[in-house]
Amino acid sequence: MMIPRLSASELLSRRQNRFDLQETVARQIIDRVRTYKDRALIELSHEIDGISLDMEGLQVSRDEIMRARAVVDREFMDAAMFAFENIKAFHERQPIASWTMELDGDGFLGQRMAPLKRVGIYTPGGKAAYPSTVMMTAIPARVAGVEEIIMCTPPGKNGEINPFVLVAADICGVDKIFKVGGAQAIAAMAYGTDIVPRVDKIVGPGNAFVTSAKKLVYGDVGIDMLAGPSEILILADDTADPAFVAADMLSQAEHDELASAVLITTAAGLSDLVDAEVEKQTRNAPRREVIIKALTQNGGAVEVSSMGEAIEISNEYAPEHLELLVADPMALLEKIRNAGTIFLGHYSPEPIGDYVAGPNHVLPTLGCARYRGTLGCLDFLKPINVVKYSPRNLAKASPYAIKLAETEGLFAHANSMRIRLDSIGAIQCQDNSAKDTKQDPRSDESMMQGSRPDESMTQDSHPDESMAGSRGNEAS
């Protein structure tokens, strides 16, 4: 039996301290990069990875990118372009438009969605190549309107970056690429060196050292999330094909020994059938040893009496990837509160989402789907509030604001508004003395006292209505 049988409480208890961060080492690396900058990057690459680089070789040249394009095969280019178009189309549908609401009296309120100026994307590398991660991080940044995108990724032992990664970055319009990995790459992007520019935000997954570094630099620079090992949770009933379930569990287990693949099922005996399929499908698998460790140490199967119970456990577990291999997945969709991505039905396998479906594969792990969602365009935008009051708006609203300011003991706040009310009163007196026409029935005093705020700030459109249906491609 390769997949451990677990109770719900045993499964949920794994959410505690499953991922050991390496903050002590990461802090030392960060301090070293802040002090010695590019020299530290060169030295750390040699000390940690055994890679010899020089200052001129830290940044990838255009010649290197063109050589990479000459190396990759036509089938990869076709696949990369197919993925690029789907990912771009999906992210262009995300609502990122600015909006305004008019106030009665010539003022308005709103939010301006301002893209970040420069972002850094981290792409794991070295032993493996992840061109898909390049696309998943760079494309939403481009759609959001980021001015400059830089990328850090560790080179191989030969000092070269995988050509498929370089070509993916070039397709996505990454502006600068640096041969730097690990915690030192995060430090370089967070604080800047003579060669690597400082960024406003760092996104992308990495190992424990990378994640620790992101945690430590947060506050000096923005980050997307603290990503842990990959995970999948499958809810299955008696309509599920054991071969499908096993294949999807293995797709995550092959990432590394810390990956988590879990089955929750209402079908008696399905766990045994999946176990047999796992053994069959891994018999000649290239990463069999990694898969076995991941399944035996972090995998699991939980049998429950109802799908309602399965959903309750799933929402508590808050998985990165959730598959609903059931007869009627749509009936369950609205009951799912916490998940990175939900895959509905027997023919929506998780790996299709990893590569070409379009939704982002940079997702919250370790239960973080309880409070945040997938990486997307909004991660590269800042909503900036905008306030434009006319004298009439201010005259009506200030008495309420003055009262609240004085209640909090902030009398300078109150004075900022009161001094303007005096100015508005003086202007109105001048206007009234110059008028030969009949005075407005609303006296200056009534303007100063104000009607209720909900009467003075009638909006033409609710902000929710302004945002509804807005799309990135319409705003750009």
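Which residues of S11 lie on one side and which on the other, and are they buried or exposed? The model examined here is predicted, so local features are reported only at pLDDT of at least 70 and side-chain atom pairs count only at pLDDT 80 or more, whereas totals for chains, interfaces and linings use all residues. Residues are numbered from 1 along each chain as its sequence is written, and side-chain values use heavy atoms, with hydrogens and water left out.

Strand S11 comprises residues 321-325; strands (E, at least two residues) and helices (H or I, at least four) are DSSP runs numbered from the N terminus. In a regular strand the side chains alternate between the two faces of the sheet. In S11, His321, Glu323 and Leu325 lie on one side, while Leu322 and Leu324 lie on the other, and all are buried. Buried denotes a relative accessible area under 20%, exposed over 50%, and partly exposed the range in between, with a 1.4 Å probe and protein chains only. The strand is accordingly described as mostly covered, with 5 of its 5 residues buried.

The strand pairings of S11 come next. Two strands pair if DSSP finds at least two bridges between them. Strand S8 (residues 231-236) runs parallel to S11 and is joined to it by 5 bridges; here Ala236 stands opposite Leu325. Strand S12 (residues 341-344) is also parallel to S11, through 4 bridges, and His321 stands opposite Thr341 of S12.

Aromatic contacts form a second theme. A pair of aromatic rings is described by the distance of the centres and the angle of the planes. Rings of Phe, Tyr and Trp (its six-membered ring) pair if their centres lie within 6.5 Å; planes under 30 degrees apart count as stacked, over 60 as edge-to-face and the rest as tilted. The whole structure contains 2 aromatic pairs. Phe76 is buried at 16% relative accessible area, whereas Phe164, at 26%, is partly exposed.

Phe244 and Tyr347 also form an edge-to-face pair, with 5.6 Å between centres and 80° between planes. Phe244 lies in helix H10 (residues 242-253), and Tyr347, 103 residues apart from it, lies in the loop between S12 and helix H15 (350-355). Phe244 is partly exposed at 28% relative accessibility, while Tyr347 is exposed at 71%.
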